[in-house]
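Student: Before we look at the model together, could you show me how to read its features one after another?

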Amino acid sequence: MSAPSTGGASRDGYGSALLRLADDPRVVVLEADLGKSTKSCLFREANPERTVSLGIAEQNMILVGAGMASSGKIPFASTFAIFTERGFEQVRNGVARPGLVVHLCGSHGGIHTGTDGSSAQSIEDLALYRTIPGMTVIHPCDDLSSEELTIQLLDHGRPSYTRTARNKTPRMYDEESCKKLRIGKGSILRKGSDVAIIACGVMVSEAIRAAEELSKNGVEATVVDMHTIKPLDTELIDELVQECKGIVTAEDHSVIGGLGSAVSEHVSYRGGVPIRMVGVSDRFGESGEPGELMNLMGITYGDIVDSCESLLS
Amino acid sequence: MIHAAGAGHPGGSLSAIDIIAALYGNQLRFDVNNPDWADRDRFIMSKGHASPAVYSILFEMGFITEDDMMSFRKLGSVCQGHVDMKWTNGVDFSAGSLGMGLSFGLGCALAARMDSSNREVWVMVGDGEIQEGQFWEAAMAADFHSVGRLNLIVDRNRIQNDDFVEVQMEVGDVGAKLASFGWDVMEIDGHDMEQVSQAIQWSSSMTASPTAIVAHTIKGKGVSYMEDNPSFHGKAPNDNELAIALEELS
């Protein structure tokens with residue numbers, strides 16, 4: 001693929017999508033005092049009558065969304081990823097259990113969030129929401145894919161959690177290629193027969209860079225943008241197991257319970273190839289620039305390269 | 001029902017049932033042949049453990065059968081342990097985790113307002129339940145958004161799971177607290193059917209702001225050994241106790 005251009009952050013794509021979804025009168029937006037950060041503010045400016053401010057009260061926001069969903073609305077509720085977790089039981093019991101279609105978005109996910117420090121760096125959200133029956137879990141890698149996948153939620157028909165990132169990352173898609181994305185289907189960005197790198201979110205561009213480094217040493221990697229953590233594209237993983245000698249997963253998330261776990265669970269059921277996980281080991285983050293933190297946590301392209309090489313050796 | 005299941009919550013069902021009967025009998029607009037009618041009034045039973053009270057009324061209204069009722073808490077029954085909209089026709093909320101119902105009702109009322117519908121939302125909570133912080137988040141938001149047609153009933157029976165509310169965490173003057181949150185409040189004897197009926201009419205007439213009825217009730221009302229007895233919050237009567245209860249309630 002051609003060299004990526006720098007677009008916006010995935011949260012910008014979420015905001016753009018809400019604006020486009022406003023044509024559907026069922027769409028409502030719920031905020032918990034972080035609309036400027038999650039980018040739902042774009043919808044608010046254009047559609048104040050369908051935007052509800054719930055203040056700094058996430059538990060209430062989630063159940064207000066459930067009530068609205070039970071009354072024919074399609075609510076999009078957002079706050080920081082970490083603060084959605086305050087309402088985890090509300091999502092579990094109030095939204096998913098009765099099967100109400102509320103779309104929850106947690107922005108500023110992962111240690112990539114940076115200088116706010118560990119209190120803001122959700123590294124367990126994907127794991128949490130993945131455990132809830134019937135819940136779709138999405139983590140796009142750039143602004144355009146975030147916009148496209150959020151648009152597709154309109155007709156998704158199931159409750160969802162989407163994690164977006166605070167900071168800009170290189171674009172993996174353009175206006176045309178992002179239209180080919182489908183919720184629940186991994187997106188192959190690069191083909192190679194030695195190793196498969198399955199990544200999500202901000203780690204997708206790192207995976208591409210790692211593949212380019214590996215190629216210099218004669219190792220060819222497939223790179224998958226696994227933007228949907230649940231339902232996991234097991235069909236694609238089965239193909240990768242057939243084609244490659246091993247799998248490396250990469251995520252800005254704890255190695256406990258996230259993308260790496262999901263892939264490992266599936267591969268362990270069916271049998272297959274060795275797996276290495278690049279992610280945050282069992283620890284909290286701290287304040288720092290995103291690049292510094294990625295180095296500290298061992299989740300850079302270099303770490304992906306090392307994992308691929310150790311797996312193949 | 002509770003005796004047949006061998007488990008359940010008789011106390012909080014008996015404190016609430018007079019009010020629920022009045023709501024279904026004279027106030028709520030619903031269609032038993034079309035339980036999902038979009039413009040029906042909503043009854044959000046937030047204290048979902050008092051499900052036997054709700055199932056009894058849903059049976060009377062024709063939503064469920066006697067067999068359904070008697071299969072309460074059994075595998076596959078439409079009468080789940082806690083009221084659940086996914087399982088039972090006529091149930092508008094999946095309860096079981098306290099403190100969430102007022103938020104859900106607020107969402108229903110906001111949606112109704114966006115639809116320019118005059119459908120009403122009635123939410124019943126227990127007094128122990130309002131120890132949950134989320135209840136007050138919802139109370140604050142309902143006033144801030146001036147949500148009319150949101151009607152709250154607090155079943156003030158003074159007993160929660162482990163003991164009396166005043167022992168566990170006294171909630172105090174609930175009416176004054178809600179009033180300070182901007183709600184219009186009426187306090188009644190929740191077993192005086194004239195007061196119950198008047199309060200429901202008053203609450204329904206207040207369409208510009210949220211209203212609360214604080215109903216002072218007796219846990220286990222009508223059964224001598226259950227009345228004001230914390231041990232019958234969540235315990236089924238035995239054979240002998242059942243016979244006494246049926247005699248006293250008949």
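Tutor: Keep in mind that this is a predicted model.

Student: What span does helix α2 (residues 10-26) of chain B reach from its first C-alpha to its last?

Tutor: Its 17 residues reach 24 Å, which is close to the 24 Å expected at 1.5 Å a residue.

Student: How should I read the two sides of a strand, and which residues lie on each side of β2(B)?

Tutor: In a regular strand the side chains alternate between the two faces of the sheet. In β2(B), V121(B), V123(B) and V125(B) lie on one side, with W122(B), M124(B) and G126(B) on the other, and all of them are buried. Because 6 of the 6 residues of β2 (residues 121-126) of chain B are buried, this strand is largely enclosed by the rest of the structure.

Student: How many bridges join β2(B) to strand β3 (residues 150-156) of chain B?

Tutor: There are 6, and the two strands run parallel; V121(B), for instance, has L150(B) as its bridge partner in β3(B). Strand β1 (residues 42-45) of chain B is also parallel to β2(B), joined to it by 4 bridges, and I44(B) is partnered with V123(B). With α6(B) included, β2(B) and β3(B) make a right-handed β-α-β unit.

Student: How many residues does each chain bring to the contact?

Tutor: Chain B brings 22 residues and chain A brings 24. On the side of chain B that touches chain A, α5(B) gives the most, with 10 residues.

Technical notes. Residues numbered from 1 in each chain as written. Chains lettered and ligands numbered in written order. Predicted model: local features only at pLDDT ≥ 70, side-chain atom pairs only at ≥ 80, totals over all residues. Contact = placed C-beta atoms within 7 Å. Expected span 1.5 Å × (residues − 1). Buried ≥ 20, exposed ≤ 12 C-beta atoms within 10 Å, placed from the backbone. Pairing = 2+ DSSP bridges. Right-handed = clockwise from strand over helix to strand, strands pointing away.
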